[in-house]
Amino acid sequence: IQHMQEKEERPKGNPTEEPGIQESKLQATDLPDVISATSSVVDWLTLGIFLKVNYEELKTIEKNYPGNLIRCRQEMLSNWIRSGNATWRILVNVLYSDDVKEKAVAEEIEKNYLKKQL
(Lines give C-alpha, C1' and ligand atoms only; values in the text may rest on other atoms or scores of the structure.)
Protein backbone atom coordinates (compact mmCIF):
# COMPACT_ATOMS: atom_id res chain seq x y z
CA ILE A 1 0.00 0.00 0.00
CA GLN A 2 2.83 2.41 0.80
CA HIS A 3 4.33 1.83 -2.67
CA MET A 4 0.98 2.76 -4.26
CA GLN A 5 0.75 5.92 -2.16
CA GLU A 6 4.24 7.00 -3.21
CA LYS A 7 3.33 6.45 -6.84
CA GLU A 8 0.16 8.53 -6.52
CA GLU A 9 2.09 11.44 -4.96
CA ARG A 10 4.34 11.88 -7.99
CA PRO A 11 3.28 14.96 -9.98
CA LYS A 12 1.90 14.33 -13.46
CA GLY A 13 4.33 15.14 -16.23
CA ASN A 14 7.39 14.71 -14.01
CA PRO A 15 9.26 11.56 -14.94
CA THR A 16 11.42 9.42 -12.73
CA GLU A 17 14.94 8.44 -13.59
CA GLU A 18 14.43 4.82 -12.57
CA PRO A 19 15.26 2.39 -15.38
CA GLY A 20 12.28 0.62 -16.83
CA ILE A 21 9.75 3.21 -15.75
CA GLN A 22 8.12 4.98 -18.65
CA GLU A 23 8.16 8.74 -18.51
CA SER A 24 4.77 10.44 -18.27
CA LYS A 25 3.51 12.35 -21.27
CA LEU A 26 3.03 16.05 -20.67
CA GLN A 27 -0.57 17.19 -20.37
CA ALA A 28 -2.32 20.51 -20.95
CA THR A 29 -2.00 21.15 -17.21
CA ASP A 30 1.80 21.07 -17.61
CA LEU A 31 1.77 23.90 -20.16
CA PRO A 32 2.44 26.71 -17.63
CA ASP A 33 5.52 24.86 -16.35
CA VAL A 34 6.79 24.20 -19.88
CA ILE A 35 6.24 27.85 -20.87
CA SER A 36 8.02 29.06 -17.75
CA ALA A 37 10.91 26.63 -18.20
CA THR A 38 11.49 27.75 -21.81
CA SER A 39 10.88 31.47 -21.33
CA SER A 40 14.42 32.41 -22.35
CA VAL A 41 14.29 30.51 -25.65
CA VAL A 42 14.18 33.08 -28.44
CA ASP A 43 14.22 30.82 -31.51
CA TRP A 44 10.81 29.24 -30.96
CA LEU A 45 10.52 28.21 -34.62
CA THR A 46 13.67 26.07 -34.59
CA LEU A 47 12.64 24.58 -31.25
CA GLY A 48 9.24 23.72 -32.72
CA ILE A 49 10.76 22.12 -35.80
CA PHE A 50 13.00 19.86 -33.71
CA LEU A 51 10.12 19.03 -31.36
CA LYS A 52 8.44 17.79 -34.56
CA VAL A 53 5.56 20.24 -34.47
CA ASN A 54 3.87 20.28 -37.88
CA TYR A 55 5.64 22.89 -40.00
CA GLU A 56 2.41 24.23 -41.50
CA GLU A 57 1.10 24.77 -37.97
CA LEU A 58 4.31 26.64 -37.09
CA LYS A 59 3.87 28.89 -40.12
CA THR A 60 0.24 29.54 -39.12
CA ILE A 61 1.34 30.52 -35.62
CA GLU A 62 3.96 32.86 -37.08
CA LYS A 63 1.33 34.42 -39.38
CA ASN A 64 -1.27 34.79 -36.61
CA TYR A 65 1.14 36.43 -34.14
CA PRO A 66 3.72 38.30 -36.24
CA GLY A 67 6.60 39.62 -34.16
CA ASN A 68 5.09 38.33 -30.91
CA LEU A 69 7.83 35.99 -29.69
CA ILE A 70 6.16 35.12 -26.40
CA ARG A 71 2.80 34.25 -27.93
CA CYS A 72 4.39 32.27 -30.78
CA ARG A 73 6.43 30.21 -28.31
CA GLN A 74 3.35 29.60 -26.13
CA GLU A 75 1.22 28.50 -29.08
CA MET A 76 3.98 26.23 -30.41
CA LEU A 77 4.46 24.57 -27.01
CA SER A 78 0.71 24.14 -26.61
CA ASN A 79 0.55 22.49 -30.03
CA TRP A 80 3.46 20.20 -29.12
CA ILE A 81 1.83 19.09 -25.86
CA ARG A 82 -1.50 18.46 -27.62
CA SER A 83 0.33 16.09 -30.00
CA GLY A 84 0.34 13.54 -27.19
CA ASN A 85 4.05 12.78 -27.60
CA ALA A 86 5.55 15.50 -25.41
CA THR A 87 7.80 14.64 -22.46
CA TRP A 88 10.31 16.59 -20.39
CA ARG A 89 13.07 14.25 -21.64
CA ILE A 90 12.28 14.96 -25.29
CA LEU A 91 12.32 18.69 -24.58
CA VAL A 92 15.66 18.45 -22.77
CA ASN A 93 17.21 16.38 -25.55
CA VAL A 94 16.12 18.89 -28.19
CA LEU A 95 17.36 21.83 -26.10
CA TYR A 96 20.77 20.14 -25.75
CA SER A 97 20.98 19.38 -29.48
CA ASP A 98 23.47 21.11 -31.75
CA ASP A 99 20.52 22.52 -33.68
CA VAL A 100 18.87 24.34 -30.78
CA LYS A 101 21.86 24.91 -28.45
CA GLU A 102 19.99 25.89 -25.28
CA LYS A 103 22.19 24.03 -22.77
CA ALA A 104 21.42 26.30 -19.80
CA VAL A 105 17.66 25.88 -20.30
CA ALA A 106 18.07 22.10 -20.62
CA GLU A 107 20.10 21.97 -17.41
CA GLU A 108 17.47 23.95 -15.49
CA ILE A 109 14.72 21.62 -16.71
CA GLU A 110 16.77 18.58 -15.70
CA LYS A 111 17.30 20.08 -12.25
CA ASN A 112 13.67 21.10 -11.73
CA TYR A 113 11.61 18.51 -13.63
CA LEU A 114 13.78 15.45 -14.23
CA LYS A 115 15.10 15.10 -10.70
CA LYS A 116 14.49 11.73 -9.13
CA GLN A 117 11.10 11.56 -7.47
CA LEU A 118 11.05 9.91 -4.04
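Me: Which way does H6 pass H7, in a left-handed or a right-handed crossing?
Reply: H6 passes H7 in a left-handed crossing. Left-handed means the near helix is turned anticlockwise from the far one by less than a right angle; clockwise is right-handed. This is a predicted model, where local features need pLDDT of at least 70, side-chain atom pairs count only at pLDDT 80 or more, and totals for chains, interfaces and linings use all residues. Residues are numbered from 1 along each chain as its sequence is written, and side-chain values use heavy atoms, with hydrogens and water left out.

Me: What angle do H6 and H7 pack at?
Reply: About 155°, with the axes 8 Å apart. H6 covers residues 88–96 and H7 covers residues 103–113. Axes are lines fitted to C-alpha atoms, for helices over the stretch in contact, and angles run from 0 to 180 degrees between N-to-C directions. H6 and H7 are therefore roughly antiparallel. That label needs an angle over 145 degrees; under 35 is roughly parallel, 65 to 115 roughly perpendicular, and the rest oblique.

Me: Which residues of H6 and H7 make the contact?
Reply: On H6, they include Trp 88, Leu 91 and Leu 95. On H7, they include Val 105, Ile 109 and Tyr 113. Contact means heavy atoms within 4.5 Å.

Me: Which residues of H7 are buried?
Reply: Val 105, Ala 106, Ile 109 and Tyr 113. Buried is under 20% relative accessible area, exposed is over 50%, and partly exposed is in between (1.4 Å probe, protein chains only). The four cover an arc of only 100° around the axis, which puts them on the same side of H7. The arc is that of the directions from the helix axis to the C-beta atoms.

Me: What's on the other side of H7?
Reply: Lys 103, Ala 104 and Lys 111 are exposed there.

Me: And what covers the buried residues of H7?
Reply: The cover includes helix H2 (31–37) and H6.

Me: New topic. How many helices and strands are in the chain?
Reply: 7 helices and 0 strands. Both are DSSP runs, numbered from the N terminus: helices are H or I with at least four residues, strands are E with at least two. Of the 118 residues, 37% count as buried.

Me: How do H4 and H5 cross?
Reply: At roughly 150°, with axes that come within 9 Å. H4 passes H5 in a right-handed crossing.

Me: Which residues meet there?
Reply: Glu 57, Leu 58, Ile 61 and Glu 62 in H4 meet Cys 72, Glu 75, Met 76 and Asn 79 in H5.
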